[in-house]
Amino acid sequence: MDKKFDLKEKISLDWAITIGIVLATLFIAFFATGYKLPQVHKYEKDLAGRNNDELTAQFLAKSVVDKEDASPYMETGISGLYYCVDGDKITYHRISDNGSFKKVKVTDTVKLQVPANDKKEEVTIYFTEYNEETIGFGVIQNKKSREFPYAFVKVIPNKVTENYDYVAFVDFTVGDFYSNSKTYDAAYAFLANDSKLEEIFVLDPNTSFVAVDLIKDRADGFYYFIKNEGEGTGYSLYIKTTTSSKEVIVSGNIALPYAFCKDGDLLLLEYAEALKGVEGVTVKGDTVFCLSKVTGIMTDIVYEFNRDPATYLVKGNYILNPDSKVLYDVLGGAEQVIDTTLALDGIEDFAISEGASKIALAGSIGTESDRLFFFEFATDRMQVVSGKNLFLLGNPNISFTSLDYISFLSPSTTADTVKNIVVPWEEVF
């Protein structure tokens with residue numbers, strides 16, 4: 001009887017241990033998947049069967065910055081200026097002549113009470129001045145996860161209304177925590193000598209976001225996008241001319257939620273179907289959407305796109321279609337072709353050098369291999385570097401720190417750090 005009892009007890013204990021291990025494994029997998037944590041760096045053969053260990057290792061060995069940090073260097077929106085998150089503090093950095101990052105001093109700090117989770121969270125905004133521009137960032141720390149902020153706050157001078165000095169944009173989307181292409185969910189205005197925030201609008205982060213760059217470039221209102229109801233029906237763009245005014249729809253026909261400012265004009269990416277019936281507007285039969293200029297009651301077609309909007313990537317003022325390999329410059333009004341026979345499939349991010357003479361692209365082939373493409377338009381020179389876990393999954397943050405250096409994020413050896421990589425452009429080839 002005692003032996004049978006002992007055996008049952010042992011079996012129960014074994015099952016409990018097994019179940020515990022399984023649950024723990026699932027939890028770790030879920031956590032890593034949800035937050036896209038870095039994984040230990042490994043290399044393997046690409047799809048062609050050629051071992052890229054040596055090529056990739058040589059490429060990374062050419063970097064002038066290869067360091068594991070608590071957070072990446074992120075773009076501020078001011079050319080040449082980057083910021084890092086250190087706990088709940090912000091530090092600023094510029095790129096030096098040798099490609100390394102040098103600290104830029106914080107010029108001022110302001111404490112704001114930001115509405116979050118039905119309460120107000122205090123956040124310190126760290127300001128700096130660089131190239132005659134002022135910018136500020138702050139983070140609300142997630143109490144349940146020390147590694148990641150709960151929310152980012154970006155502050156720029158207010159050029160829209162006269163009664164407030166600054167506009168603060170808040171991003172509550174945890175999945176965007178370390179992305180250069182962040183979307184913001186709320187906008188507030190405040191005075192320099194008063195931390196009280198005046199709400200402009202608070203949006204649903206699942207369907208809406210603020211057009212931050214448009215607000216920065218224009219002085220006629222506060223802009224934001226809302227996804228139209230129904231799958232594949234595009235977006236609508238709204239504007240508020242003051243903090244207390246009623247929002248007004250600018251267009252309900254937007255294919256991709258981006259807007260541009262060129263010579264004071266507002267440019268939108270609108271579906272062609274709705275424009276075909278407009279008097280005085282001629283649209284090609286195979287055009288899917290257009291870059292159109294908002295000119296009161298008239299519509300002026302600036303450029304036409306003939307593929308599914310979902311296949312395009314937008315970065316700053318550039319629109320790329322990896323399938324056709326065409327890069328369109330919205331401000332310059334010109335297109336360039338990436339002249340290569342290689343397929344640019346799986347592209348997740350791209351970066352353009354100042355003057356658009358060079359392009360870098362980051363993408364993955366399934367789950368087996370990451371690829372970095374480097375191309376010069378004047379010479380048609382291309383180089384491809386590939387390997388597993390070459391950059392962070394879904395977030396390479398690839399950028400030109402200057403004309404001569406390319407930067408991206410790579411997995412670190414520990415889950416709570418990220419590897420910042422800066423490689424001289426000429427060393428790529």
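Strands here are DSSP runs of E with at least two residues, numbered from the N terminus. This is a predicted model, where local features need pLDDT of at least 70, side-chain atom pairs count only at pLDDT 80 or more, and totals for chains, interfaces and linings use all residues. Residues are numbered from 1 along each chain as its sequence is written, and side-chain values use heavy atoms, leaving out hydrogens and water.

**Exercise 1.** Find which strand gives the most to the lining of the largest cavity.

*Solution.* Start with the term: on a 1 Å grid over the protein atoms alone, a cavity is a set of points where a 1.4 Å probe fits but cannot get out, and lining residues have an atom within 4 Å of a point. Next, look at the lining, which includes Pro149, Tyr150, Ala151 and Phe152. Strand S9 (residues 149-157) is the answer, with four residues.

**Exercise 2.** Work out where Thr76 sits and what its side chain meets.

*Solution.* Second, check its accessibility: at 1%, Thr76 is buried (under 20% relative accessible area, 1.4 Å probe, protein chains only). Third, follow the side chain: one of its polar atoms lies 3.1 Å from the backbone nitrogen of Ile78, and a polar atom of the Thr76 side chain is 2.9 Å from the backbone oxygen of Leu81.

**Exercise 3.** Say how far apart Thr76 and Lys154 are in sequence and in space.

*Solution.* Along the sequence, Thr76 and Lys154 are 78 residues apart. In space, C-alpha to C-alpha, Thr76 and Lys154 are 8.9 Å apart.

Key: On a 1 Å grid over the protein atoms alone, a cavity is a set of points where a 1.4 Å probe fits but cannot get out, and a pocket is an open set with protein on both sides within 12 Å along at least five of seven lines; lining residues have an atom within 4 Å of a point. Buried means under 20% relative accessible area, exposed over 50%, partly exposed in between (1.4 Å probe, protein chains only). A polar contact is a pair of N or O atoms within 3.5 Å; within protein, one must be able to donate a hydrogen and the other to accept it, and residues adjacent in sequence count only if both atoms are side-chain atoms.
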